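Subject: Structure handover

Hello,

Here is the structure for your files, with notes to follow. Please read the notes with the model open.

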Amino acid sequence: MTQANIILILADDMGFSDIGCFGSEIATPNLDRLAGNGARFSQMYSFARCCPSRAALLTGLHPQLAGVGHMVQNRGTRAYQGYLRDDAVTIAEVLKGAGYRTMMSGKWHTGGQMLAQEPESWRPGTEGYPTPQQRGFDRFYGTLVGAGSFFFPHALTEDGEFVQDYPDDFYYTDAISDKAVEMIDEAHHDGTPFFLHVAYTAPHWPLQAPPEDIAKYEGAYRSGWDSLRQNRHEALNSLGLLDPVWRISPRDSDSHPWGSEENTDWEDLRMATYAAMIDRMDQGIGRILAKLEALGISENTLIIFLSDNGGCAEFMAEDGWRDHRSYVPTLPDGRRVRIGNRVGMRPGPADTFMSYDLPWANASNSPFRLYKHWVHEGGISSPCIVHCPALIDEPTVVHSPVQFIDVLPTVAELAGADYPSEFNGVAIQPVEGESFLPALEGADWRREKPLYWEHEGNRALRIGDWKLVSKHPGNWELYNMIEDRTELDDLSTGESERVAMMSGLYDAWAARCEVREWPLG
């Protein structure tokens, strides 16, 4: 096949079971269509949080080796400097070397901190604040920072210039999709293969969505989170994505039974708004697919869809975020943003800033434990769809464990791109990931190297069937992932030799990657 076009789509804070082809009731017909003619990976792993996951995905390196061991604040060491290191190369830089046009639409968030309430301090493009175009992308439209308003996102730029004006019908998810379509058109008419990274902020808080999309789901969640978790677990089993021997994890101890919930209509509306955000993202992906079809290039385009971490359990206390410098408290028209999960307040509009909270996140991550931040399965298990008609003959489910760091070597191999040992005069670290291209071609592929994680002191290592994991500041737990992927039966007490062996491997990896103790100084 000729050089394939490559599209890498990333959702933000979306749980393992939040799209239809991974067990959800949310309407995602376009993603489902990709899965129905492609490969689904049942054990694709992120790195538990937005910035580390993005850095790892872009570079094929563990987050600390990429320079983003935590978030975008500079903590004074190269592993935690908060922006991509010069001794790492991005997918875009690698593919440009093979003749690709490289483009990005959406959230960057790997280039230093830019506080929403301090725009005078923003220094994109200077030392410590690399932009996508400084890291290999020919074109970029999107936000340089993380979460923010979907109607008035801050630090929004296009090709190096800040966007100042928002049309009356502006909605960031739509803008990301529309710019992606525009970029595909431009690349096609240039006659070059392209790499396009589409990085949505949906369905990350705040809960903001067009009212017509919310209306589709209002009332759909009045049966509550307990039944939703169970229904999704059963759907995942029927889809062949889980082993039926794995029991669903119990309701999180910080949640409560739906039967004791007093504000059922309001809770239903919060989940309905979250669902609407995913629905809107899928609509945009549909426009991207339609453009590929209209140009006659669908057959030779590889599409990968992922989420940067598990569902987010973060609670926004009423007024608790009002003075936080990372979020804009006032809209351009002067309206004050009502920040916090205020019971009875309707989510969705631009002047609200809410999250959907722990019990619903528990359902998003069904059947697993825990959430974004943690490295138990609920925090790191990402839905993954890979679609390429010229490569994948028939729909399949791949159960081999893979990590975000495996994406770069996979697309580089497909593109015939060399991974450099030196770039811009700097010696480049060897790629950490492994290509899973053989799995897409039908081979019985298995990753050779262990999988490692660390985020905020939460630690994990997986070797074959075994996973060693710790929730900071707790002790190591050990699980047999063939028998118990939902991590319910800790075998560490009876497997002390295995724990010692695996923890020694983890310690050596952590030392090599310059992992620091949590909390960071």
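**Backbone and loops**

Glu456 is found in the loop between β16 (451–455) and β17 (458–463); helices (H or I, at least four residues) and strands (E, at least two) are DSSP runs, numbered from the N terminus. This is a predicted model, in which local features need pLDDT of at least 70 and side-chain atom pairs count only at pLDDT 80 or more, while totals for chains, interfaces and linings use all residues. Residues are numbered from 1 along each chain as its sequence is written, and side-chain values use heavy atoms, with hydrogens and water left out.

Glu456 is not a glycine, yet its phi is positive, at about 50 degrees. With 17% relative accessibility, Glu456 counts as buried (under 20% relative accessible area; exposed is over 50%, and partly exposed is in between, with a 1.4 Å probe and protein chains only). Asn424, another residue other than glycine, has a positive phi near 50 degrees. Asn424 sits in the loop between β14 (422–423) and β15 (426–427) and is exposed, its relative accessible area being 69%.

There are cis peptide bonds to check as well. One joins Ser366 and Pro367, with omega about 10 degrees; Pro367 belongs to the loop between α9 (358–364) and α10 (377–380). The bond from Trp518 to Pro519 is also cis, with omega near 0 degrees, and Pro519 lies in the segment after α13 (496–512).

**Helix packing**

Helix α5 (residues 172–190) and helix α8 (residues 264–295) have axes that come within 9 Å and cross at roughly 15 degrees. Axes are lines fitted to C-alpha atoms, for helices over the stretch in contact, and angles run from 0 to 180 degrees between N-to-C directions. The angle makes α5 roughly parallel to α8 (under 35 degrees; over 145 is roughly antiparallel, 65 to 115 roughly perpendicular and the rest oblique). On the α5 side the contact (heavy atoms within 4.5 Å) includes Thr173, Asp174, Val181 and His188, and on the α8 side it includes Arg280, Met281, Ile288 and Leu295. The residues of this contact divide into eight nonpolar, four polar and six charged; Ala, Val, Leu, Ile, Met, Phe, Trp, Tyr, Cys and Pro count as nonpolar, Asp, Glu, Lys and Arg as charged, and the others, Gly among them, as polar.

Helix α1 (residues 29–36) also packs on α8, at an angle of about 55 degrees and with the axes 7 Å apart. The two helices, α1 and α8, are therefore oblique to each other. Pro29, Asn30, Leu31, Arg33 and Leu34 of α1 make this contact with α8 residues that include Ile285 and Leu289. By class, the contact of α1 with α8 has five nonpolar, three polar and three charged residues.

**Cores and a covered helix**

A nonpolar core is a set of buried Ala, Val, Leu, Ile, Met, Phe, Trp, Tyr and Cys residues joined through side-chain atoms within 4.5 Å. The largest has 88 residues, of which Phe41, Met44, Leu302, Leu306, Val407 and Leu440 touch the most other members. Leaving out residues up to four places away in sequence, Leu440 touches Ala39, Phe41, Leu302, Val386, Leu391 and Ile392. A further core of 84 residues lies apart from the largest one, with Ile7, Ile26, Tyr172 and Met345 among its members.

Helix α11 (residues 407–415) is mostly covered, with eight of its nine residues buried. Val407, Leu408 and Pro409 are among the buried residues of α11. Just after α11, Gly416 has a positive phi of about 70 degrees.

Regards
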